[in-house]
Amino acid sequence: PDWDRAILLVKEMQSARLAPDLYTFNSLMNVCSKTAREAAGGCGGGGVAWYLLRCMRRAGVAPDVVTYTTLIRACANKKQWRLALEAFAEMDSHGDGKREKNGGGGVRPTVATFNALIFACSVGGAFEMCMQLLKDMKARGVLPNTVTYNTLMTAGGCAGQWETAEDLMRAMRVDGVPRDVASYCSLISAYAPHGQWTHAEEAFHSMTRDGVHPTTTAYNCLLEVLKSAGHWGRSLEYLAEMQQLGVAPNTVTYNTLISACARGGQIAWSRQMFKRMEKAQVPRDTVTYSAFAFALEKSGEYTEAIKVLDQMKGMCVPHNAVTLRLRIRMCADNEQWDQCWKTFSQMHEKGLISSDAAVRILEAIYAGASWESTSSAKQNSHMEPCEVDVEQALEDDTMLNSRYGEDIANVLDKATYGALLVAYEKLPNESELISELFKKAYDTIEKSSMRAHARKQDLMCIGMGCDRSVYVAK
């Protein structure tokens, strides 16, 4: 990986007695900040960007504003907003005395530095800190620009502060900061969580009045708000408007429309949007298939939904946890119990869940019988999708909560969880896959101090095909 090569390059240069200069370190740090595994792990923890900063100091190279801004971006990419603040604080207290001093002897931040820091706090969900940074940058004489306000409005939307996003848009006008299409997209998107579709439409129309031409992305943002508000009919009207104005719908456009129509119970329209993508040569992605499969699931067309998901392989569209989770549920609805577990195994093979997570899920299936009884699950041939994660469902068991984490919550919802539970009851104990996984589960529990002896014995009985009434009764 790039970050490995970056570290190796520094060591090679030092071995060859070629001293890396400021430009070298900044370039290497920039490469590292963009890689998937950029570890912004802290000053003492070994993040690559932080490691390069320490190398700079050991080599006698003073970091400048570019160095710290890049370090903050690296923290933002890993959602490490507190570490980004640490980098900013270090920027104030360190640096080359010959470079832009700001009273404290550190490096003077630029608008790009503040924008990176605001973005880091935004992705970290620290909206109040974002607003405080806006005040700080003005106090330091650093003027916010379009990117600053756009980032703040996006953060406000994520925090459910759509009124604050409106205030920020007005502040742009007062401060004479240019508003672009991204500004309006940020404001419109801020309305989505609360379904404020009338405000979103007003913002959309004000964009054209201000001479900013709406793009496909702008329409997509508006369609998302309309979907949240349940206005599938208006969504279709805006699709027609896009086509009349020559604004080309893209994959996101159709994905949003498929979901909006499905939520409104308009499965025929969802199917039409799905078919229209092929006719318009708009590529389908994983979200497209999962959205349409969900629409078919809602209408009880389980067989067709499974076929749609199975088309993904032929179209070279990768599965993810959502599509495979849907397939587990629909196979259960179709009473294809072996397919439930084969799909679960496929999730494991694709690396969507770790081996340890697979073991945890099996343990959770056993524990889950306390809230989702097998008998009640059997009585319902179709389990309505319910976005309740396993951690919530087992919130009364603090021991389980301390053991299970996001691994389960990100993989299974309540209906999928119930489907696997029923599938286990339907399949014989001799199933090679289940027996193997339960054996791993028992081995894991045997090594854990977090389970009582009785629970170990119960799980062993299930996995080895002993008294299954123990499983149902718990």
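Threonine 208 is found in helix α11. The model that holds this residue is predicted. Threonine 208 counts as partly exposed, because its relative accessibility is 40%. In sequence, threonine 208 and valine 181 are 27 residues apart. In space, their C-alpha atoms are 9.7 Å apart.

The largest share, five residues, comes from α11. What is the make-up of this lining by class? The second largest pocket is lined by seven charged, five nonpolar and two polar residues.

Next come the charged pairs. Side chains of opposite charge can pair when their charged atoms come close. How many salt bridges does a search of the whole structure find? The search finds 14.

Glutamate 201 and arginine 234 meet through their side chains in a salt bridge, at 2.9 Å from N to O. Glutamate 201 lies in helix α11 and arginine 234 in helix α13 (residues 232-245), so the bridge ties together parts that are 33 residues apart in sequence. Is glutamate 201 buried or exposed? Glutamate 201 counts as buried, because its relative accessibility is 10%. Arginine 234 has 30% relative accessibility and therefore counts as partly exposed.

Helix α9 has a pair of its own. The side chains of aspartate 167 and arginine 170 form a salt bridge, with N and O 2.4 Å apart. Why are these two residues separated by about one helical turn? They are three residues apart in helix α9, which means a separation of about one helical turn. Aspartate 167 is partly exposed, with a relative accessible area of 43%. Arginine 170 is also partly exposed, at 49% relative accessibility.

Aspartate 92 forms a salt bridge with arginine 140, and the closest N and O atoms are 2.9 Å apart. Aspartate 92 is in helix α5 (residues 81-93), while arginine 140 is in the loop between α7 (127-139) and α8 (146-158). The two residues are 48 residues apart. Aspartate 92 has 21% relative accessibility and counts as partly exposed, since buried means under 20%. Arginine 140 is partly exposed too, with a relative accessible area of 32%.

Now turn to the nonpolar interior. In soluble globular proteins, nonpolar side chains tend to be buried together. Here the largest nonpolar core has 111 residues. Which residues have the most contacts inside it? They are Leu52, Ile188, Phe204 and Met330. Helix α3 (residues 48-58) gives the most to this core, with eight residues. Take methionine 330 as an example. Leaving aside neighbours within four places in sequence, methionine 330 is in contact with Ala293, Glu297, Tyr302, Ala305, Ile306 and Leu309.

Serine 122 sits in helix α6 (residues 111-123). Serine 122 counts as buried, because its relative accessibility is 13%. Beyond its neighbours within four places in sequence, serine 122 is in contact with Cys130, Thr151 and Ala155.

Two loop residues close the tour. Most residues other than glycine have a negative phi. Glutamine 281 has a positive phi, near 60 degrees. Where is glutamine 281 placed? It is in the loop between α15 (267-279) and α16 (286-298). Glutamine 281 counts as exposed, because its relative accessibility is 72%. Cysteine 316 likewise has a positive phi near 60 degrees. Cysteine 316 is found in the loop between α17 (302-314) and α18 (321-333). With a relative accessible area of 70%, cysteine 316 is exposed.

Technical notes
Residues numbered from 1 in each chain as written. Predicted model: local features only at pLDDT ≥ 70, side-chain atom pairs only at ≥ 80, totals over all residues. Heavy atoms only, no water. Helix = DSSP H or I, 4+ residues; strand = E, 2+ residues; numbered from the N terminus. Nonpolar A, V, L, I, M, F, W, Y, C, P; charged D, E, K, R; others polar. Salt bridge = Lys/Arg side-chain N within 4 Å of Asp/Glu carboxyl O. Buried < 20%, exposed > 50% of the residue type's maximum accessible area, 1.4 Å probe, protein only. Contact = heavy atoms within 4.5 Å. Core = buried A, V, L, I, M, F, W, Y, C linked by side-chain atoms within 4.5 Å.
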